[in-house]
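Here is a short report on one protein chain. Look at the overall form before turning to single residues.

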Amino acid sequence: FINAGVYATGGLTLYNIGAAMSGGLTVNTAGAKISGGSTIFDTGLTLTGGLTVSSSGAKVSGGLTVFDAGAFINAGVYATGGLTLYNIGAAMSGGLTVNTAGAKISGGSTIFDTGLTLTGGLTVSSSGAKVSGGLTVFDAGAFINAGVY
């Protein structure tokens, strides 16, 4: 039992059972350096000054939930197993660019307000094109290669 505190200038090593502190732990000046990993039990970890992860990045198993202000990702999102957005979907203020394999949409697609503009042409394969509400062709007219039924 030590009543006046412990001062160790060459370091302090605790063997067998480690250290148990009932009044908490405060680390000043140089911060805490942990080698060999760290495990936090029971009530989890609360960080009030933010969290910075450097070097190898952060690996999360068991999922990640972000509350309140959402997540801001400055360098893009890479999802190798797919990306699912629930509830409100995705809203992009800078537009959407799909590279390489193109966009594949199952379940249909709805375009609101200003319509759809295709600059590289349109190819409809398999079941053909079905238009309800009429079709208007501007400027160069319509060229039909296989006849009209």
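## Overall form

This is a predicted model. The protein has 0 helices and 0 strands. Its radius of gyration is 30 Å, whereas the globule rule gives 15 Å for 149 residues, so the protein is more spread out than a compact globule.

The C-alpha trace spans about 100 × 25 × 25 Å along the principal axes of the protein.

## Burial and surface

How much of the protein is made up of buried residues? The share is 0% of the 149 residues. A residue counts as buried under 20% relative accessible area.

The accessible surface of the protein is about 15,500 Å². Carbon and sulfur atoms account for 53% of that surface.

## Charges

The protein carries 4 positive side chains and 4 negative ones. The centres of these two sets are 17 Å apart.

## A nonpolar patch

Which residues form a nonpolar patch on the surface? They are Ile 40, Leu 45, Leu 47, Leu 51 and Val 53. Together these residues have about 500 Å² of accessible area.

Take Leu 51, one of the patch residues. Its relative accessibility is 64%. The cut-off for exposed is over 50%, so Leu 51 counts as exposed.

## Backbone angles

Most residues other than glycine have a negative phi.

Is Ser 126 buried or exposed? Ser 126 is exposed, and its relative accessible area is 80%.

Note on methods:
Residues numbered from 1 in each chain as written. Predicted model: local features only at pLDDT ≥ 70, side-chain atom pairs only at ≥ 80, totals over all residues. Heavy atoms only, no water. Helix = DSSP H or I, 4+ residues; strand = E, 2+ residues; numbered from the N terminus. Rg over C-alpha atoms; globule rule 2.2 N^0.38 Å. Buried < 20%, exposed > 50% of the residue type's maximum accessible area, 1.4 Å probe, protein only. Areas by Shrake-Rupley, 256 points an atom, 1.4 Å probe, with all protein chains shown as cover. Lys, Arg positive; Asp, Glu negative; His and termini not counted. Charge placed at Lys NZ, Arg CZ, Asp CG, Glu CD. Patch = residues over 30% accessible without salt bridge, like charges linked within 9 Å, V, L, I, M, F, W, Y side chains within 5 Å. Salt bridge = Lys/Arg side-chain N within 4 Å of Asp/Glu carboxyl O.
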